[in-house]
Amino acid sequence: MASPVYSGTVRAIGRSGRGRYRPMSEINVTPLVDVMLVLLIVFMVAAPLLTVGVPVDLPQTQAPPINEPKEPLVITINGEGHIFIQETDIPVESLVPRLTAITGANPDALLYVRGDKAINYGRVLEVMSMVSTAGFRKVSLIAEAPKGATAKPPSGAASSERARTVKR
């Protein structure tokens, strides 16, 4: 005679006549899948927000991108003419001392200058001349790649931006 098949907990009767219960050995992965899907959605929404700190409307250029292995320090000039180092708004007078402190007075530190295309070109040149007068030799301008161009962006820059080194 065949013994009946039970799902879940099985009652086993031994020689003593008392029943013992064996725990179910299956793992329910549904809660794990739910948590992972929520985390995936959160990271998909948050990732584009982490690319560039200060929004500027960059000019377009056909220049080839610069591929540097080091992380650059980004100086941004927004549409109102305010200067930012990374995402921190700073006054013009403290630009050079802050750069010197951040880079450790390293003249070979890689600096990118991003300027909004709506501001006066003289403002961008003023910032670049301050940086180069301070002794920094590797200063690059960031521009937006033209529509339809496929180029690998420099490290630290947004996906649609390109860097062009300024030769002195």
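Buried residues account for 29% of the 168 residues in this protein, and keep in mind that the model is a predicted one. There are 3 helices and 8 strands to look at, running along the sequence as β-β-α-β-β-β-α-β-α-β-β.

**Overall picture**
- Take the contacts between residues at least 6 apart in sequence: 66% of them join residues at least 24 apart.
- The accessible surface comes to about 11600 Å², with 59% of that belonging to carbon and sulfur atoms.

**The nonpolar core**
- The largest nonpolar core holds 18 residues, and Leu95, Leu99 and Val131 have the most contacts inside it.
- Two or more residues each come from β3 (73-77), β4 (83-85), α2 (95-103), β6 (110-115) and α3 (121-133).
- Helix α3 gives the largest share, 4 residues.
- Leaving out residues up to four places away in sequence, Leu95 touches Ile75, Ile83, Ile85, Ile90, Val127, Met130 and Val131.

**Salt bridges**
- Searching the whole structure turns up 2 salt bridges.
- One pairs Arg137 with Asp108, where the closest N and O atoms sit 2.6 Å apart.
- Arg137 is in the loop between α3 and β7 (138-144) and Asp108 is in the loop between α2 and β6, so this pair ties together parts 29 residues apart in sequence.
- Arg137 counts as partly exposed at 48% relative accessibility, and Asp108 counts as partly exposed at 30%.
- Arg123 and Glu126 form a salt bridge too, with 3.4 Å between the closest N and O atoms.
- These two, Arg123 and Glu126, are 3 residues apart in helix α3, so about one helical turn separates them.
- Glu126 has 34% relative accessibility, so it counts as partly exposed.

Technical notes:
Residues are numbered from 1 along each chain as its sequence is written. This is a predicted model: local features need pLDDT of at least 70, side-chain atom pairs count only at pLDDT 80 or more; totals for chains, interfaces and linings use all residues. Side-chain values use heavy atoms; hydrogens and water are left out. A nonpolar core is a set of buried Ala, Val, Leu, Ile, Met, Phe, Trp, Tyr and Cys residues joined through side-chain atoms within 4.5 Å. Buried means under 20% relative accessible area, exposed over 50%, partly exposed in between (1.4 Å probe, protein chains only). Contact means heavy atoms within 4.5 Å. Accessible areas come from the Shrake-Rupley method with a 1.4 Å probe; for residues, only the protein chains shown count as cover. A salt bridge is a side-chain nitrogen of Lys or Arg within 4 Å of a carboxyl oxygen of Asp or Glu.
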